[in-house]
Amino acid sequence: MTILKKFLQQNKGLALLTFVMICLQIAGTLGVPKLVAKLIDTGIASGEASVIKKIGVEMLLVAFLGTIAAVASSYFSALASARFGFQTREKYFRKFQQLSMKDISRFSSGSLLTRMTNDVDNVQQMIVLFCQMILPAPVICFFTILMMFRYSLLLTWVTLFSVVFYVWIVYRLMKRGTPLSLSIQPKMDRITITLREFFTGINMIRAFDNQSYEEKRTNQTFADYASQMIKVNRIFAWVTPIAFLLMGIVYASILWFGGNLVADGTLQIGVVTAVVEYSMLTLAYLMIAAMVLVIIPKSFASLRRIEEILEAE
């Protein structure tokens, strides 16, 4: 984590700008359902065309600003990722020139190549996905629950229960999948080493008619990596169907309880519509975050492997 902290300290302006754009994107996302509720309860209920047009213009403005912020946050996230890759590889290359032959033998050439290419790519991918998909999820979840509390305590408990249950499911899946994810990078090292040995020794392999053995060895290396990835993907494959199941249950529950409250005159239809949209937004963002959380353990493992080279004495 040291290298990541140093990167954030050296690029405070870019990190702050990215965070501000993400916050504006979230504000635009949360503002539209609130205006929809206002449109239904105030504009359509009153039947005044001027009020409907005014709220419609506000919705367009909020959606437009949210879109601009989303594009800007994507750009700055990608810029931060690219800058991290450039600065890290530059430091890595300088450190590589200082390593002794003993250090190179200890780490192995294949592992050093994998750390400079694949491991840095993993961390870059984590930076982009964290900014775009993981960071907005808890923020949106917190503010949607807060805004729903203002409308209806009963409907809020429905959404809150589903969020807590989904987070618990994701935690259980992460607990099972993280050890498998951490074991993937050494297998990637093994693939790089095997291919390097094959291509550098191709003449000797042909001279001693050893192609069949090398083919079996290479295929076994690929099979080990593939089986590990399949195990990880099988565990995290539960994330999406569980999220869609919860969405359906929450949607039906809110309509059921909300319909009864509307019939009793406790709530307005627009409020129920807004609560439904907030609930779907919350679960959708949590689902997206959970889908990309699988790369976090692998990325942190890659980060530690990079730091191991940069901090080598």
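The legends below describe close-up views of a predicted model. Local features need pLDDT of at least 70 and side-chain atom pairs count only at pLDDT 80 or more, while totals for chains, interfaces and linings use all residues. Residues are numbered from 1 along each chain as its sequence is written, and side-chain values use heavy atoms, with hydrogens and water left out.

**View 1. The largest nonpolar core has 66 residues.** A nonpolar core is a set of buried Ala, Val, Leu, Ile, Met, Phe, Trp, Tyr and Cys residues joined through side-chain atoms within 4.5 Å. Buried means under 20% relative accessible area, exposed over 50%, and partly exposed in between (1.4 Å probe, protein chains only). Phe 84, Val 123, Tyr 166, Phe 236 and Ile 254 have the most contacts inside this core. Helix α12 (residues 269–292) gives the most to the core, with 14 residues. Helices are DSSP runs (H or I, at least four residues), numbered from the N terminus. Apart from this core lies another, of seven residues, including Leu 99, Ile 104, Phe 107 and Leu 112.

View 2. Contact means heavy atoms within 4.5 Å. Not counting residues up to four places away in sequence, Val 123 touches Phe 84, Ser 299, Ser 302, Leu 303 and Ile 306. Gln 124 belongs to helix α5 (residues 109–134) and is buried, at 14% relative accessibility. With neighbours within four places in sequence left aside, the contacts of Gln 124 are Ser 81, Ala 82, Phe 84, Gly 85 and Arg 89.

**View 3. Met 247 in helix α11 (residues 239–264).** The relative accessible area of Met 247 is 11%, so this residue counts as buried. Met 247 touches Met 280, Leu 283 and Ala 284, not counting residues up to four places away in sequence. Between Met 247 and Leu 281, 34 residues apart in sequence, the C-alpha to C-alpha distance is 9.7 Å.

**View 4. Cysteines without disulfides.** The whole structure contains zero disulfides, a disulfide being a pair of cysteine sulfur atoms within 2.5 Å. For Cys 23, the nearest cysteine sulfur is that of Cys 131, 11 Å away. Cys 23 is partly exposed, with a relative accessible area of 32%. Cys 141 is buried, at 13% relative accessibility. The closest cysteine sulfur to that of Cys 141 is in Cys 23, and the distance of 16 Å is too far for a bond.

Technical notes:
Helices (H or I, at least four residues) and strands (E, at least two) are DSSP runs, numbered from the N terminus.
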